[in-house]
Amino acid sequence: MTDITAHGHASSTGISNVKLGMWTFLGSECLLFGGLISTYMLYRGRVTGGPRPSQIFDIPFTSVSSFVLLMSSLTMVLAVSAAHKSEDRKTNLWLTVTALLGATFVGGQVYEFTAFYNEGLGFSTSLFGSSFYTLTGFHGVHVTVGIIMLMSLVGIFKRSKVSGNKAEVVEMIGLYWHFVDIVWIIIFTLVYLIPV
Amino acid sequence: MAIMEREIEVITPITATPSSTYGVLKRPVAATGWRAWVFTVDHKKLGLMYGVTAMFFFIVGGVEALLIRLQLAAPNGKVLNADLYNQMFTMHATTMVFLFVMPMAAGFANYFIPLQIGARDVAFPRMNALGFWLLLFGGIFINLSWFLGGAADGGWFMYAPNSGPVFSPTHGIDFWAFGLQIAGIASLTGAINLIVTVLNMRAPGMTLMKMPIFTWMMTVVQFLLLFAVPVITVALFLLSFQRNFGARFFDVAAGADPLLWQHLFWIFGHPEVYILVLPSFGIVSEVLPVFSRKPLFGYPFVVFSGAAIGFVGWGVWAHHMFASGLGPVSVAVFSLTTMAIAVPTGVKIINWTLTMWGGKLVFSTAMKFSIGLIVLFTVGGLSGVTHSVAPSDTQQTDTYYIVAHFHYVLFGGGVLGIFSGLYYWWPKMFGKMLNERLGNWNFWLMVIGMNLTFGPMHILGLQGQPRRMYQFTNARSGEGLFNFAFWNLVASIGSFVLAVGILLFLINVVITARNPTKSPLDPWNARSLEWMTSNPPKEHNFDVIPTVHHLDEFFHRKYEEDSATHTMRQIATAEEIMAEQERNADAHIHMPSPSYWPVVLAFGLPVITFGMIFSHLIAVFGAIIVFFAAFGWALEPSTAPASDFETNNSAPGKALESVGKS
């Protein structure tokens, strides 16, 4: 007698439900960032007396923090690979490193926001200010949510209370993490590198 | 038509004993009472809850519409003042679009997609519950504004800069924006859930091109939602940030482009139109073949034209903005795409007509509503094509002609389709058939009422009555008998005829509920898988997951083609197929277990948004609820461990096992 759960039979696509669900969600996220990026691109030159983008951006600094974020994708891959090999200690290690790199990036963003604010760019200063903080802020929130998920995962693994396939869960959060990184590449290029 | 002669044995619902504690709370286990509904993750219960919620908001939106029509019934209307009138039409549209048609479609999708594809539930049952609760709380949240200083008053598309705090100082628009965000999350989770369900959980043998047409159309809708909802999310965030945190997005003094809002809104808003009407197209495509006793004519064409609508629907949004000065190139492009999107819709109309052609038509109430949709949606579609002619559209923009057009497509298309589905699937959902005689009255009063209400609006629009005008004077109503005042009175009378029609539906529901007569197992001689189980379906839907060989699998299990005469010959009744399934029933079916977390998590969001408007401290409290609920959720497996199922002697596995042995 075999146990049949509601999800007992193999999936029609061969991709598990959680992974397909995450891919679907990321498809939706593309449009979310698409809307925010379009808003920024429309408004980036409209400064009404406030500082212009070129006056406040510190490109070397942001390049370094972007590099840190991109490296976190590498450590995420290592975590997924370790999870597939069921190497629990390594999985936890790489997940923690990924979260730390992510936190470094968010820390950089907080520093940057503070610096910009002190140089006169508030949220209400100009259209550029509103749309810049909204776009990069949304990305920062996404990274923060990712960090929370990674750290929760480490905690849940330590108490071995994970519901479902462990490697599957790591991979699903990995998909999210890579997506957030890729979005940053686009934002960094459009916001910082292309002059107004 | 066979009448069910014996009672199908109903297997006791799963009563699990919670053996383990996850997070803080033990799993809910009640199989009856209110707990069985509030903590349920069963797609059928959630489908019904969506339906009831939608019906409630339909009545709310309907009362708002009647107040609008009362105000305009005669010159110098005194029922509402200008301010209240603005709130009334804004909330009428918001309620009907976001809180009636969308949840009703979500309800049908929830209930019938798993049944139509031969699955036992959706891919993410708890997320499904979350979606419902978010929708309900979002809807209540929007309507709270009536009691907290006034509702939103900027029209359902809330154009900037009119939506800014300067022009709308009450909290109405804040409630509106946050409430729609919450409802938007519901749509997004629903879309992800149903897409994964359809792609991953079809019964063995059911290829995409053997999928019932309703499931196909709903899948297209879910993709539209998936990509359209984030765009309105962005727009609503921009609006909320401007109203609550001093952002400048639509502040013309800072050099803003108010057209940004229009673009974002309509990039969402036009796909939204198809989100509203494609579910009804799916329902009609199920109903027409059943009552014409013929397969759907050109199934692949209906599928691909539905998908084509889904794609082209993204390239027409600016036809809502022809009067905004987009420039000749944009206007020409969007005129052409708008003409183009009429083609796949026309394909569907032709397919439905040819499905009926030469069929043995059965004029049940469901069939009448479907035929009503074909006729009245075509009227609305034709006035829609006139909008693609930009010079003509520029004249019609913001007149009652537009109001007439979209009510013909949304009421004549969307709502009639929904009623067709209600009459068609009622026996499936409740095991009883709605009264057909009352149904007949229901149908004719609705059709006559809607034509009386919305038909004259074409004339009013062409005579120049502006949309959203709250009052007209005798001097403005013109000369002769057929003036403004006359047609407005006709429309107002029509709206009450319509209301009586809908009231008859509600009466029909009550009468049916009190009538002890059970429906036959297969009352309509239906074609698709959802009819291959009991009425209402068991908690686990199918005793044995069917293996699919044909489009219209259920029909092909009942009928076989006689090779000599090329006629269809019945080889099995629904009862026999059902009994066969029970003999081979799967043992030990573990359904996803109920959970507290969806409703708790969903409750946290309106607390956050309430706090955003009134006090950030409350928002922090809401965030804490959401945070803990998310952790409780993550730590709880969606299906309780096997040990939870073993303790009870009447567990379905055992019961089914004995069925198998008898």
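This is a predicted model: local features need pLDDT of at least 70, side-chain atom pairs count only at pLDDT 80 or more; totals for chains, interfaces and linings use all residues.
User: Which residues of α10(B) meet α13(B)?

Analyst: On the α13(B) side the partners are B:Glu436, B:Gly439, B:Asn440, B:Phe443, B:Val447 and B:His458. The residues of this contact divide into three nonpolar, six polar and two charged. On the α10(B) side, the residues are B:Thr365, B:Lys368, B:Phe369, B:Gly372 and B:Ser383.

User: Are α10(B) and α13(B) roughly parallel or roughly antiparallel to each other?

Analyst: Helix α10 (residues 365-388) and helix α13 (residues 436-463) of chain B have axes that come within 10 Å. These axes cross at roughly 10°. Angles under 35 degrees count as roughly parallel. Therefore α10(B) and α13(B) are roughly parallel.

User: How many residues does each chain bring to the contact between chain A and chain B, and which element of chain A gives the most?

Analyst: The contact takes 36 residues from chain A and 46 residues from chain B. On the chain A side, β1 (4-5), α1 (17-43) and α5 (127-158) each supply at least two residues. That side divides into 12 nonpolar, 20 polar and four charged residues. The element of chain A that gives the most, with 14 residues, is α1(A).

User: Why is chain B as compact as a globular protein of its length?

Analyst: Chain B has 20 helices and five strands. For its 662 residues the globule rule gives 26 Å, and chain B is as compact as a globular protein of that length because its radius of gyration is close to that value, at 26 Å.

User: What box do the C-alpha atoms of chain B fill?

Analyst: Buried residues make up 56% of the 662 residues in chain B. Among its contacts between residues at least 6 apart in sequence, 83% join residues at least 24 apart. Taken along the principal axes, the box is roughly 80 × 65 × 50 Å.

How values were computed:
Residues are numbered from 1 along each chain as its sequence is written. Chains are lettered from A and ligands numbered from 1 in the order in which they are written. Two residues are in contact if their C-beta atoms, placed from the backbone, lie within 7 Å. Helices (H or I, at least four residues) and strands (E, at least two) are DSSP runs, numbered from the N terminus. Ala, Val, Leu, Ile, Met, Phe, Trp, Tyr, Cys and Pro count as nonpolar, Asp, Glu, Lys and Arg as charged, and the others, Gly among them, as polar. Axes are lines fitted to C-alpha atoms, for helices over the stretch in contact, and angles run from 0 to 180 degrees between N-to-C directions. Angles under 35 degrees count as roughly parallel, over 145 as roughly antiparallel, 65 to 115 as roughly perpendicular and the rest as oblique. The radius of gyration is taken over C-alpha atoms; the globule rule is 2.2 Å times the number of residues to the power 0.38. A residue is buried if 20 or more other C-beta atoms lie within 10 Å of its own, exposed if 12 or fewer, and partly exposed in between; C-beta atoms are placed from the backbone.
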